[in-house]
Amino acid sequence: MEGSLQFLACLACVLQMGSLVKTRRDTLGNVLNTEAHSAPAQRWSMQVPAEVSAEAGDAAMLPCTFTHPHRHYDGPLTAIWRAGEPYAGPQVFRCTAAPGSELCQTALSLHGRFRLLGNPRHNDLSLRVERLALADSGRYFCRVEFTGDAHDRYESRHGVRLRVTAAPRIVNISVLPGPAHAFRALCTAEGEPPPALAWSGPALGNSSTAVRGQSHGYQVTAELPALTRDGRYTCTAANSLGRAEASVYLFHFHSVPGTSTLALLLGALGLKALLLLGVLGARATRRRLDHLVTQDTPPRSQAQESSYENLSQVNPAGHQLPRVCCGELLSHHHPVIHHEK
C-alpha cells in the first residue's frame, strides 16, 4: 500500500512537469512497467493565410504569427518582411526592438506604405500596406530574428499572396503605320481581373486581337490590324469591377489629281528658298538705310565747341572774328537759344 502511494505521488509529479507517461499492462490488467518521456519543446513555426485580397487605393493587412522554442525571450529582435521570394527577396519592411522593449523601431518602410500592426514580443508580425497599387500584387514573407544565436531566426517559406483588384483603366491608345501603306490601332488597358478588350468603329470587317502584356500580368493589349475607313475607333475595356473607353480618330489625306510626290517636294523646297531670299533682302535693305542715316548725321556739338576754342586761342586779343562766323558757331552750339531768337 505504501509503495502504491509513492508510485502515485511520483506519477503526479511527473505529470505536473509536463512529461508524457506510457504504461504497459498484461492481459489481466496488471501493470508491467511505466515509461516517462519528456514533453517535446515548442518549435519554430509561422502561421500565415494563403491569400489576402483588397482593392487598389485601399489598405490591406497581412497576418503573420509565430512560435519559438524559448519559453520567454526578452533580448533584442528584428522583424522583416520580404516580397517576391523567401530568404533572397527584397525587403519592404524591417524594424528592431531593444532588449526588454515592447517597441519595434522602424528601420525600413518601402515608400512609407508599410507599417507593423502586431507586436513581435507577443509573437505577432502582422503588417499593414497602405495605398495599394496593382504592382503590389505578389507574395510576401515574414521573418523574425533573435539576435545572439545564429539559429534563432525563422522565415515563412510559402508566404501570403496579396491580390490587388482594380477596375479597368486604358493606359494607351494609338494608331501606327502598318504594311502596304495601311494603319493599325493598338489599345492597352490594365485591371484585375484582367479586362476584356473590344474595338468598335467604321471598319466593321476588322477583328480585334487581344494579346496579354508581357511585362505585367494585369495588362492586356488589343490590336485592330487594318484601318480601311476614316472615322472614330473606340476601345472598350471591361471586367467584373467596371469598364472604361477611349477613342482615336483616323483621317486619310488624299492628294490632288495630277500631282506627284516629287512635285510636292519641289514646291516645298521652292517655298523655303523664297522665304530665305526674302529674309536676306530685308537684312540688306536695313543695312543700307543704317549707312545712309549715319552719313546724314551732323557732326557732334563737342567737335564744334572744340573748333571754336581753338579759333579763340589762335587769334590775338585785338582781332575779332567776323560776325557771320561767330554767329554760325554760336547758333550751332546753342540750338535752343537760336530758335527762340
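Select Trp44, Phe66, Tyr73, Phe146 and Tyr154: ring pairs link them into a cluster. The model is predicted, with local features needing pLDDT of at least 70 and side-chain atom pairs counting only at pLDDT 80 or more, while totals for chains, interfaces and linings use all residues. Residues are numbered from 1 along each chain as its sequence is written, and side-chain values use heavy atoms, with hydrogens and water left out.

**Stop 1: the ring pairs**

A search of the whole structure finds 4 aromatic pairs. Rings of Phe, Tyr and Trp (its six-membered ring) pair if their centres lie within 6.5 Å; planes under 30 degrees apart count as stacked, over 60 as edge-to-face and the rest as tilted.

Show Trp44 with Phe146. The ring centres are 5.4 Å apart and the planes stand at 50°, so this pair is tilted. Trp44 sits in the loop between strand 2 (31-37) and strand 3 (45-47), Phe146 in strand 12 (residues 138-146), 102 residues apart. Strands here are DSSP runs (E, at least two residues), numbered from the N terminus.

Tyr154 belongs to strand 13 (residues 153-155), and 110 residues separate it from Trp44.

Colour by accessibility. Buried means under 20% relative accessible area, exposed over 50%, partly exposed in between (1.4 Å probe, protein chains only). Trp44 is buried at 17%, and Phe146 is buried too. Tyr154 is partly exposed at 25%.

**Stop 2: strand 7**

Select residues 77-83, which form strand 7; 7 of its 7 residues are buried. In a regular strand the side chains alternate between the two faces of the sheet. Here Leu77, Ala79, Trp81 and Ala83 lie on one side, Thr78, Ile80 and Arg82 on the other.

Two strands pair if DSSP finds at least two bridges between them. Strand 7 pairs antiparallel with strand 8 (residues 91-97) over 6 bridges. Look for Arg82 opposite Gln91 in strand 8. Strand 12 also runs antiparallel to strand 7, joined by 7 bridges.

**Stop 3**

Which order do the 3 strands of the open sheet have? The order is 5-11-10, with antiparallel pairing. Strand 5 (60-62) and strand 10 (114-116) are the edges, each pairing on one side only.

Finish on strand 5 and strand 11 (residues 127-129), which pair over 3 bridges. Leu62 has Leu127 in strand 11 as its bridge partner.

Note on methods: Helices (H or I, at least four residues) and strands (E, at least two) are DSSP runs, numbered from the N terminus.
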